[in-house]
Amino acid sequence: MRDLAPRLPSSPGFWRSPLRGPWFTSVLGLVLLAGITVLFVTGLLSYAAYNPDLSPVNDKTPDKGILGFYLFAWPTDPPWLYRLTQGVHVTLGLVLIPVLLAKLWSVVPRLFTLPPARSLAHALERVSLLLLVGGALFEFVTGVLNIQLDYLFPGSFYPLHFYGAWVFFAAFVAHAVLKAPAALRNVRRMRARAGRDPDGTPAGREPDDGLRSPRPAPPTVSRRGALWTVGGGSLLLLATSAGRSFDGPARATALLAPHGGAEPGGGPNGFQINKTAAYAGIDAAETREDAWRLTVVGRTGTVRLSRADLLRLPQHRAALPIACVEGWSTSDQWWRGVRLRDLAALAGFDDGPPDLLVESLQRRGAFRSGALRANQVADPRSLLALSVNGETLSADHGYPARIIVPAAPGVLNTKWVARMTFGELA
Ligand SMILES: Nc1nc2c(c(=O)[nH]1)N[C@H]1C(S)=C(S)[C@@H](COP(=O)(O)O)O[C@H]1N2
Ligand SMILES: [Mo]
């Protein structure tokens with residue numbers, strides 16, 4: 001009867017909730033199987049969207065080695081691509097938090113099982129569970145901290161979250177291969193017995209993986225009720241965060257999320273701002289008409305252009321969103337300015353635009369510069385924008401000039417541009 005001694009978490013009798021059982025764990029596990037797969041894919045896409053193989057300034061995990069095997073040239077169509085993939089990544093990550101916590105709670109007795117390892121195979125399984133649980137908590141915690149307090153991991157969030165994702169996903173795949181068939185069987189069996197308590201068969205008739213309590217306390221809520229509670233928590237998170245991918249009244253519903261709630265101001269420039277000019281240390285004296293010059297470097301040497309020079313070049317308009325890695329985005333804004341490919345031609349690349357390095361007036365910080373690939377420079381909607389929604393850019397949106405590129409992550413839309421180098425990216 002050692003097993004039933006209730007004093008230690010390592011004895012099954014210690015865990016008494018009658019909710020635990022194969023059906024409850026299986027339902028939550030299958031939801032996570034689908035959801036975490038989407039998180040992993042959209043996360044890898046987010047890294048690809050930075051075009052990290054293009055230039056060291058884009059790459060936050062330069063030591064990734066073969067983990068970058070899948071990288072590809074990020075497209076410019078559809079223009080809302082990153083808005084969708086990253087909105088799904090962050091919002092789904094938030095929505096899955098209650099499911100993850102409930103799943104961990106449902107299997108917690110198994111995490112304390114003694115002896116720690118009965119055999120080599122069992123030891124390997126326990127280590128993989130450690131990576132699975134630790135990896136899941138690590139990925140969710142770093143992700144949430146990055147959107148809630150984005151100054152907590154200056155620069156280091158990316159390698160932490162990226163390498164953590166690979167470790168976690170390897171353990172996750174091993175776990176899913178081992179457990180998914182049984183989980184599907186458990187859920188089907190429950191459907192066949194519709195109407196009855198899904199785990200209600202007498203103990204011993206079906207393998208229960210040590211999930212069911214041998215001395216259950218009286219139930220206070222049904223298993224279905226518990227699942228509805230978890231689902232309700234997820235819905236609440238969805239309802240209070242999804243709005244940050246839209247403007248105006250929709251954003252006002254995103255009460256829990258940064259860049260949710262009210263817009264930062266009114267008028268044409270009144271949409272979301274990531275870092276303000278003050279935060280980035282932009283000195284208004286440097287951006288004045290008479291002081292600011294754009295340096296364009298290319299085959300033909302160096303050209304210096306004032307804002308008035310830029311306004312004399314052909315002006316084009318494009319309706320494009322801002323979509324940040326933190327998951328928030330704006331609807332399309334009407335940007336107006338000079339096509340990047342026209343500036344490439346000015347720099348001597350009239351036979352087709354090359355890659356481009358953009359540097360800002362900002363002196364410090366990981367986002368002071370960014371590189372764009374030739375396909376992004378060539379797109380007729382890619383602009384060095386001088387105005388937005390019919391008004392001159394505000395200081396916070398990048399006055400005197402900023403980059404805007406369709407489908408690119410917000411971070412590549414460099415504000416307060418000072419220098420553009422076409423061709424060889426060093
Ligand atoms: N120079 C500079 N440009 C920058 C940034 C920055 O910190 N410095 N932030 C980038 C990020 S992360 C985003 S999401 C967009 C946001 O643009 P917005 O503030 O105009 O909405 O600007 C990008 N351009
Ligand atoms: Mo961003």
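Visitor: Which residue's side chain does K64 join in a polar contact of 2.8 Å?
Guide: D59. The polar contact joins the side chains of K64 and D59 at 2.8 Å. Keep in mind that this is a predicted model.

Visitor: And what does the K64 side chain contact at 3.4 Å?
Guide: The side chain of Y47, in a polar contact.

Visitor: Is K64 buried or exposed?
Guide: Buried. Its relative accessible area is 13%, and the cut-off for buried is under 20%.

Visitor: Where is K64 found?
Guide: In the loop between α1 and α2 (81-95).

Visitor: Switching to salt bridges. How many does a search of the whole structure find?
Guide: 12 salt bridges. One of them pairs R381 with D77, with the closest N and O atoms 3.0 Å apart.

Visitor: What does the R381 and D77 pair tie together?
Guide: Parts that are 304 residues apart in sequence, because R381 lies in the loop between α12 (374-378) and β7 (383-388), and D77 in the loop between α1 and α2. R381 is partly exposed at 24% relative accessibility. D77 is also partly exposed, at 46%.

Visitor: What about E359 and R419?
Guide: Their side chains meet in a salt bridge too, at 3.7 Å, N to O. E359 is in strand β5 and R419 in strand β10 (residues 417-422), so the bridge links parts 60 residues apart in sequence. R419 is partly exposed, at 36%.

Visitor: Which residues do salt bridges with shared partners join into one network?
Guide: D77, D379 and R381.

Visitor: On to ligand 1. Which residues come nearest?
Guide: N274, Q362, H397, R402 and K415, out of 18 residues around the ligand.

Visitor: How does the shell divide?
Guide: Into 7 nonpolar, 8 polar and 3 charged residues.

Visitor: What are the polar distances to side chains?
Guide: An oxygen atom of ligand 1 is 2.5 Å from an N or O atom in the side chain of K415. For H397, an oxygen atom of the ligand is 2.6 Å from a side-chain N or O atom. A nitrogen atom of the ligand is 3.2 Å from an N or O atom in the side chain of S360.

Visitor: How much of ligand 1 does the protein bury?
Guide: 99% of the 530 Å² that the ligand exposes when taken alone.

Definitions and conventions:
Residues numbered from 1 in each chain as written. Chains lettered and ligands numbered in written order. Predicted model: local features only at pLDDT ≥ 70, side-chain atom pairs only at ≥ 80, totals over all residues. Heavy atoms only, no water. Near = heavy atom within 4 Å. Polar contact = N/O pair within 3.5 Å; in protein donor to acceptor, adjacent residues only side chain to side chain. Areas by Shrake-Rupley, 256 points an atom, 1.4 Å probe, with all protein chains shown as cover. Nonpolar A, V, L, I, M, F, W, Y, C, P; charged D, E, K, R; others polar. Helix = DSSP H or I, 4+ residues; strand = E, 2+ residues; numbered from the N terminus. Buried < 20%, exposed > 50% of the residue type's maximum accessible area, 1.4 Å probe, protein only. Salt bridge = Lys/Arg side-chain N within 4 Å of Asp/Glu carboxyl O.
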